[in-house]
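Please open the model in a viewer and keep the selection tool at hand. The stops below are arranged so that each selection leads to the next.

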Amino acid sequence: MEIRPLKSFKADLDVPGDKSIFHRAAILAALSDKTSIIKNIPLSQDANSTIRCLRALGARIDISEKDCRITGLPAKPAYELNAGNSGTSLRLLSGVLAAQPFASSITGDESLLKRPMRRIIEPLTEMGAKISHSSNYGPPLKFYPARLTGINYTQRTASAQVKSCFLFAALIAEGKSSYIEKKPTRDHLEKLLVLSKAAAVKRGEEIEVVGSQAMNNFSVTIPGDFSSASFFILGAIISQNGKVTIKNVGVNPLRIGLLKALKRMGANIEISCMRKNEADEPICDITAYSSKLRGISIGDQDIPSIIDELPLLAVAAIFARGQTKVTGASELRVKECDRIKAITREFTKLGAFIKELPDGFEIEGEQTLKGGIVDSHGDHRIAMSLAIAATRAESASFIRGLECSEVSFPEFQKTLKSISCR
């Protein structure tokens, strides 16, 4: 897709439902024999991967526009489950599959086959799961009939996917389980467990779950996805003439590391109409304006709440005054692609200079982007970050593979075109 420089960046927008919350809500709903209602579901490829796998497990899922009704309880799938490009789908569903009295397997696309799964295999195995995997602990994962037993587990990787995988397994395992979380990660599943009146309690760093419990149904409205909103928030901020308002955005404190970072950088961002949904998730309207940014440092403690948006932070840093340095983000190496390498390589093609670090990157700001031909590496967040950066280049840019944005934000290209046509 060709991206031309924009003289202004102004719009009033809505964004898709938060897929991180949807994955967890859909799987939790499928563990009950009663019907749950989930509203404002994202219609992305990742969300469809979870829906497809749950249907293969016997869940009845009826979708009407952006709402769905789910009635479940796992049943032996007739074929291998395929999570596509969705690491969240595969990791969360593994917690359910590992605890079943039947054999099953799950795989994904070429990108997903390269992503690390040892982090979920280890706790599940400690609970009694029987799992086979590829030589590098990757998919396809095969699960054999097993009766899991509750354990006390201390976080080894600051990952909400690992935590959610463990909690799903703990709901089915025999006895009590506890998860000790030293570094807080997004707590969407914990909030949904409270909404569904599950036997689960959070005390400080510990989450205790009672196993072998019958799950209740619930009704929840998914907030707008902050990760999707962040592309257009930054588009307005780096524009010479920008103002974007995005409504109904989820602003869970453990998800908005980029928002906090941009404010530290001096971004003019307004929050209004703050309220909460049925699961106690905070929601608001966000308005962002053109701003003069300054460089900041992002370290290990900041990473869990900003990990998905670090490619966008690189865009902000290019136009900020002074140096921005990101460390402690080695997790970027094992996303849909090596995002540290992709950030360094592709923004360099646009005319920026970025110093690659083993666990992050360093950028001297106030740079000028010339435009050029760049590649998404099949990574939706790299693709969309390049597109936003290209709106501030001196000449047109061409992004190969921008269609991979449909993994999380199917309307991204259409939305960006609507801004350029104003």
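**A tour by selection**

Begin in a loop: select Glu-366, which is placed between strand S21 (360-364) and strand S22 (373-375). The coordinates come from a predicted model. Glu-366 is not a glycine, yet its phi is positive, near 55°. With a relative accessibility of 58%, above the 50% cut-off, Glu-366 counts as exposed.

Next, select Asn-40, in the loop that runs between strand S3 (36-39) and helix H2 (45-56). This residue, also not a glycine, has a positive phi of about 60°. Is Asn-40 buried, partly exposed or exposed? Its relative accessibility is 23%, and it therefore counts as partly exposed.

Pro-140 belongs to the loop between strand S8 (130-132) and strand S9 (141-144).

**A helix and its surroundings**

Proceed to helix H6, residues 188-195. Of its 8 residues, 7 are buried, so the helix is largely enclosed by the rest of the structure. To see them, select His-188, Leu-189, Glu-190, Lys-191, Leu-192, Leu-193 and Leu-195, the buried residues of H6. Which elements do these buried residues pack against? Their partners are helix H1 (19-30), helix H5, strand S12 (200-203), strand S13 (206-210) and strand S14 (219-221).

**From H5 to H3**

Select helix H5 (residues 160-172) together with helix H3 (residues 87-97); their axes lie 6 Å apart and the packing angle is about 25°. Because this angle is under 35 degrees, H3 is roughly parallel to H5. The crossing of H3 past H5 is right-handed.

Now show the side chains where the two helices meet. On the H3 side, select Gly-87, Thr-88, Arg-91, Leu-92, Ser-94, Gly-95 and Val-96. On the H5 side, select Gln-161, Ser-164, Cys-165, Phe-168, Ala-169 and Ile-172. Sorted by class, the contact of H3 with H5 comprises 6 nonpolar, 6 polar and 1 charged residues.

Select helix H7, residues 226-238. From first C-alpha to last, its 13 residues reach 18 Å, close to the 18 Å expected at 1.5 Å a residue. How many residues of H7 are buried? The count is 13 of 13, and the helix is described as mostly covered.

The axes of H7 and H11 come within 10 Å of each other and cross at roughly 20°. The two helices are therefore roughly parallel to each other. H7 passes H11 in a right-handed crossing.

To display this contact, select the following residues:

- From H7: Ser-227, Phe-231, Leu-234, Gly-235 and Ile-238.
- From H11: Arg-381, Met-384, Ser-385 and Ile-388.

Coloured by class, the contact of H7 with H11 shows 5 nonpolar, 3 polar and 1 charged residues.

Key:
Residues are numbered from 1 along each chain as its sequence is written. This is a predicted model: local features need pLDDT of at least 70, side-chain atom pairs count only at pLDDT 80 or more; totals for chains, interfaces and linings use all residues. Side-chain values use heavy atoms; hydrogens and water are left out. Axes are lines fitted to C-alpha atoms, for helices over the stretch in contact, and angles run from 0 to 180 degrees between N-to-C directions. Helices (H or I, at least four residues) and strands (E, at least two) are DSSP runs, numbered from the N terminus. Angles under 35 degrees count as roughly parallel, over 145 as roughly antiparallel, 65 to 115 as roughly perpendicular and the rest as oblique. A crossing is left-handed if the near helix is turned anticlockwise from the far one by less than a right angle, and right-handed if clockwise. Contact means heavy atoms within 4.5 Å. Ala, Val, Leu, Ile, Met, Phe, Trp, Tyr, Cys and Pro count as nonpolar, Asp, Glu, Lys and Arg as charged, and the others, Gly among them, as polar. Buried means under 20% relative accessible area, exposed over 50%, partly exposed in between (1.4 Å probe, protein chains only). The expected span of a helix is 1.5 Å times one less than its number of residues.
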